Amino acid sequence: ARGKRIVAQSPYDVVVENLERDLHTLLFLDIQTDRYMTASEGAALLLEMETLSGGDRLVSTLGVGVARAGSDDANVLADWLPKLAEHDFGGPLHILVIPARLHFMEAEGLVALARAPEEILTSAES
């Protein structure tokens, strides 16, 4: 099928399996010679993989996009994956974290430091 993009399902499968096992997932995004995958592209790809597999879990899953970790212009945002897919994180390098169930301190940290939706506080464990 010429022009049809082939999307490997393994990253999606790993994320879903880790969520089922209550494990956070750290995704190092693709780096090619002249191109860096962004956190928003990674979130969009996971959602595309989910659509292809017929699932619906990640649409309501929190993600954390991190750009330029440790630098003066670092950008960290925690939000639902569909919203992360629309966010401009700026230049590389980016990573994407898909957290499992959050401890209340993790949730509070994400709200305070990564602008996560405050509603995540209600489902956090104490």
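User: Which residues are buried in α1?

Analyst: Keep in mind that this is a predicted model. In α1, the buried residues are Tyr 12, Val 15, Val 16, Asn 18 and Leu 19.

User: And why do they count as being on the same side of α1?

Analyst: Because the arc that they cover around the axis is only 160°, they sit on the same side of α1. The cover over these buried residues includes β1 (25-28), α2 and β6.

User: What happens just after α1?

Analyst: Asp 22 is found there, and it takes a positive phi of about 60°.

User: Let's switch to the largest nonpolar core. Which of its residues touch the most other members?

Analyst: This core has 21 residues, and those that touch the most other members are Leu 46, Leu 58, Leu 96 and Ile 98. Two or more residues each come from α1 (10-20), α2 (39-53), α3 (81-84) and β6 (94-98), and α2 gives the most, with six residues.

User: What is Leu 58 in contact with, leaving aside its neighbours within four places in sequence?

Analyst: With those neighbours left aside, Leu 58 is in contact with Tyr 12, Val 15 and Leu 19, with Leu 46, Leu 47 and Glu 50, and also with Leu 81 and Pro 82.

User: Now the backbone. Where is there a cis peptide bond?

Analyst: A cis peptide bond joins Pro 92 and Leu 93, with omega at about 0°, and Leu 93 belongs to the loop between α3 and β6.

User: Back to positive phi, then: what is the phi of Arg 68, and where is that residue found?

Analyst: Although Arg 68 is not a glycine, its phi is positive, at about 55°, and the residue is found in the loop between β4 (62-67) and β5 (75-80).

User: Is Arg 68 buried or exposed?

Analyst: Arg 68 counts as buried, because its relative accessibility is 16% and the cut-off for buried is under 20%.

User: What about Arg 115?

Analyst: Arg 115, a residue other than glycine, has a positive phi near 55°, and it lies in the loop between α4 (104-114) and α5 (120-123).

Note on methods. Residues are numbered from 1 along each chain as its sequence is written. This is a predicted model: local features need pLDDT of at least 70, side-chain atom pairs count only at pLDDT 80 or more; totals for chains, interfaces and linings use all residues. Side-chain values use heavy atoms; hydrogens and water are left out. A nonpolar core is a set of buried Ala, Val, Leu, Ile, Met, Phe, Trp, Tyr and Cys residues joined through side-chain atoms within 4.5 Å. Buried means under 20% relative accessible area, exposed over 50%, partly exposed in between (1.4 Å probe, protein chains only). Helices (H or I, at least four residues) and strands (E, at least two) are DSSP runs, numbered from the N terminus. Contact means heavy atoms within 4.5 Å. The arc is that of the directions from the helix axis to the C-beta atoms.
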